[in-house]
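Subject: Structure handover

Hello,

Here is the structure you were expecting. My notes follow below it.

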Amino acid sequence: MNNSAKIVLIGMPGSGKSTLGKAVARQLDFDFYDLDEEIVKEEGKSIPDIFMDEGEGYFRRLETKMIEKFLNRDSSFLLSTGGGAPCFNENMELINQRGISVFLNVSIEQLLLRLTENEADKRPMFRGMDTSAIRLKLQDLLADREMYYEQAKIMLSGDDISTEHLISELMSFFR
Ligand code: S3P
């Protein structure tokens, strides 16, 4: 029996999973991991290059492999995932069996603001798109993904989710 807490942040690109995750992990003294960064390390390639050279299917299989690897650990950690990670290959079931999933529910307008300010080009899904194309893409993605995100054990909504808010939700979850 182990009492480790495996906190898994999920949500759309631009929802602040990595930024918030790092800050909360620091405060809780948990190890922090970013699934995309782990994939980049393992493959020795950027995410856009993996998509381009190997295709999305290959990337999704890597995500599943990495999620399994993390959830099999005995230690506590906070893992920030890529936006699509919970939506493929039974990943959401696995996350919920072994971890505490937290959905950061941010409005499309806020996602758009962050993605246009914040290098949408690094994300293969939005490469070369203008603002209105990104908005449409975000709406489509969210429509497909909501059913997975909504299975999260904790949902935080708002355009400015603070570390304190996330920590207090986690504390009440454990209480
Ligand atoms: C993706 C989101 C990205 C990254 C990949 C695919 C997605 O992560 O995993 O580009 O399908 O939404 P972020 O959510 O950190 O942008």
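Helices (H or I, at least four residues) and strands (E, at least two) are DSSP runs, numbered from the N terminus.

This is a predicted model: local features need pLDDT of at least 70, side-chain atom pairs count only at pLDDT 80 or more, and totals for chains, interfaces and linings use all residues. Residues are numbered from 1 along each chain as its sequence is written.

The buried residues of α4 are F59, E63, M66, I67 and F70; buried means 20 or more other C-beta atoms within 10 Å of the residue's own, exposed 12 or fewer, partly exposed in between, with C-beta atoms placed from the backbone. Seen down the axis of α4, they fall within an arc of 100 degrees (taken from the directions from the helix axis to the C-beta atoms), so they line one face of the helix. The face turned away from that side carries the exposed residues G57 and K69.

Helix α2 (residues 35-43) packs against α4 (residues 56-71) at about 105 degrees, with the axes 10 Å apart. Axes are lines fitted to C-alpha atoms, for helices over the stretch in contact, and angles run from 0 to 180 degrees between N-to-C directions. The two helices α2 and α4 are therefore roughly perpendicular (65 to 115 degrees). L35, E38 and I39 in α2 meet L62, E63 and M66 in α4, contact being C-beta atoms, placed from the backbone, within 7 Å.

Regards

How values were computed
Angles under 35 degrees count as roughly parallel, over 145 as roughly antiparallel, 65 to 115 as roughly perpendicular and the rest as oblique. Two residues are in contact if their C-beta atoms, placed from the backbone, lie within 7 Å.
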